[in-house]
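Student: I have a model open and want to learn how to read it. Can we go feature by feature?

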Amino acid sequence: MTTRNQQLFEQAKTVIPGGVNSPVRAFGSVGGVPRFIRRAEGAHVWDEDGVQYIDYVGSWGPAIVGHAHPEVVEAVRAAALDGLSFGAPTAAEVAIAEEIVKLMPSVEQVRLVSSGTEATMSAIRLARGFTGRDTIIKFEGCYHGHSDSLLVKAGSGLLTFGNPSSAGVPADFSKHTLVLPFNDTAALTETFARIGDRIACVILEPIAGNMNMVQPDAEFVRQLRALTQQHGSVLIYDEVMTGFRVALGGAQSLHGITPDLTTMGKVIGGGMPLAAFGGRKDIMACISPLGGVYQAGTLSGNPVAVAAGLKTLEIIQRPGFYEQLSQHTRLLCAGLEAAAQQAGITFSSQSLGGMFGLYFAERVPASYADMLASHTDQFKRFFHGMLKRQVAFGPSAFEACFVSAAHTEAHIQATVDAAATVFAEMAQG
Ligand SMILES: Cc1ncc(COP(=O)(O)O)c(C=O)c1O
């Protein structure tokens, strides 16, 4: 029997390329039919066939307080009644900017945009405008949205500039982007020694989530901060995923690092299209209308999105929020590890705040190369086994997953019980 999900996927493919509006949703790396989601509430999503899932995708990060949190929905409703968009400044934008500046001390001024891609693209233009330099550095396995300068993969050698990782990106753009191995302090040091004074900025996912969750070591980030400072390069912490997710103050609060610029998204919009970039006042002063670096947006600081963001930021500051979130996420990872061990499956995991990574590998990866060496084929079996048992993880071995405040110990136990069955099946071959 054809399910409604199958039917919709076929129908979608006739009018939407690949049937989806963002590639990972197509289930390309795990195979099978994507679930078309009809509604979401708390820790659950329901698909078009009416099947309920415990959801660890959380809209890829924004849903930290749980889906359709009643207070967020009410804030959105109230804002919508006052008008959907004005194209003029509002009091709520000032309030959310003040909130962000309070929560992230490295951010002295902030500009709102509508997506993480816009935030990183703008931060890079700003860093180039501020320094008057063209060259930027990014790291292998880190994703910063889909702007041209950032869709770049490593060249053939350490100091060879990158190649486009997407058709349609001119080589003339990618030649300004150097891609270095993540967490490789020696490569970073060597590069700065050779061309440090030409580097406009370094952009880092401070806790990577787009090659699954991978953490840098303390020495790497310490050296990165020291070298960028020494050479007058702008350090951009891309906290689109980690901001307000791994901790209230983001990854920078855990690293004890003060970046020059920070990009944010996901959680700050509470599920609505809102993102931001901000940082040092002297750098932010280069943005128009004050400075010569152009940046603008019809829907920037949209009042409905800002209302969702402000309410979300209020909820996450309530006492005990991160303690409970972290504890539940750790409980989930520990339960999954125990279940895998019981079944004799090679497996590891890690978490910070409400972000976690699962790996079919003996140890948690420390680089993109480590991640490539893990058993991603095992992930496919795990993913489909869990989906069949109504638990949804991100449909790729290269994605981090997320717990929300709506996930209870009962949800976690149900997940671990389902995983025990799936691991046992996998062990049988
Ligand atoms: C670290 C990071 N930066 C930037 C982006 C791009 O954000 P958006 O999808 O809102 O354009 C993402 C999206 O996943 C991300 O994880």
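Student: How many salt bridges does the rule find across the interface of domain 1 and domain 2?

Tutor: Start with the idea. Side chains of opposite charge can pair when their charged atoms come close. This is a predicted model. Across the interface of domain 1 and domain 2, the rule finds 0 salt bridges. The structure as a whole holds 17 salt bridges.

Student: Which residue forms a salt bridge with Arg38?

Tutor: Glu48 is the partner of Arg38. Their closest N and O atoms are 3.2 Å apart. Arg38 sits in strand E1 (residues 37-41), and Glu48 sits in the loop between strand E2 (44-47) and strand E3 (52-55), so the pair ties together parts that are 10 residues apart in sequence.

Student: How many residues are in contact, and what area is buried?

Tutor: In domain 1, 31 residues contact 31 residues of domain 2. The two domains bury about 2,400 Å² between them. Of that area, 62% is on carbon and sulfur atoms. On the domain 1 side, Tyr322, Leu352 and Met355 lose the most area to domain 2. Together they give 26% of what that side buries.

Student: Now helix packing. How do I describe two packed helices?

Tutor: Use the angle between their axes and the distance between the axes. Take helix H6 (residues 185-195) and helix H7 (residues 218-231). Their axes come within 10 Å and cross at roughly 5°. That crossing makes H6 roughly parallel to H7, because angles under 35 degrees count as such.

Student: Which residues of H6 and H7 meet?

Tutor: From H6, they are Thr185, Leu188, Thr189 and Phe192. From H7, they are Glu219, Phe220, Gln223, Leu224, Leu227, Thr228 and His231. The residues of this contact divide into 5 nonpolar, 5 polar and 1 charged.

Student: Last topic, the backbone. Which residues does a cis peptide bond join?

Tutor: Ser288 and Pro289, with omega about 15°. Pro289 lies in the loop between helix H9 (281-284) and helix H10 (303-316).

Student: What is the phi of Phe244, and where is Phe244 found?

Tutor: Phe244 has a positive phi of about 60°, although Phe244 is not a glycine. Look for Phe244 in the loop between strand E10 (234-239) and helix H8 (250-255).

Note on methods:
Residues are numbered from 1 along each chain as its sequence is written. This is a predicted model: local features need pLDDT of at least 70, side-chain atom pairs count only at pLDDT 80 or more; totals for chains, interfaces and linings use all residues. Side-chain values use heavy atoms; hydrogens and water are left out. Axes are lines fitted to C-alpha atoms, for helices over the stretch in contact, and angles run from 0 to 180 degrees between N-to-C directions. Helices (H or I, at least four residues) and strands (E, at least two) are DSSP runs, numbered from the N terminus. Angles under 35 degrees count as roughly parallel, over 145 as roughly antiparallel, 65 to 115 as roughly perpendicular and the rest as oblique. Contact means heavy atoms within 4.5 Å. Ala, Val, Leu, Ile, Met, Phe, Trp, Tyr, Cys and Pro count as nonpolar, Asp, Glu, Lys and Arg as charged, and the others, Gly among them, as polar. Buried area is the accessible area (1.4 Å probe) that two parts lose on being put together, summed over both. A salt bridge is a side-chain nitrogen of Lys or Arg within 4 Å of a carboxyl oxygen of Asp or Glu.
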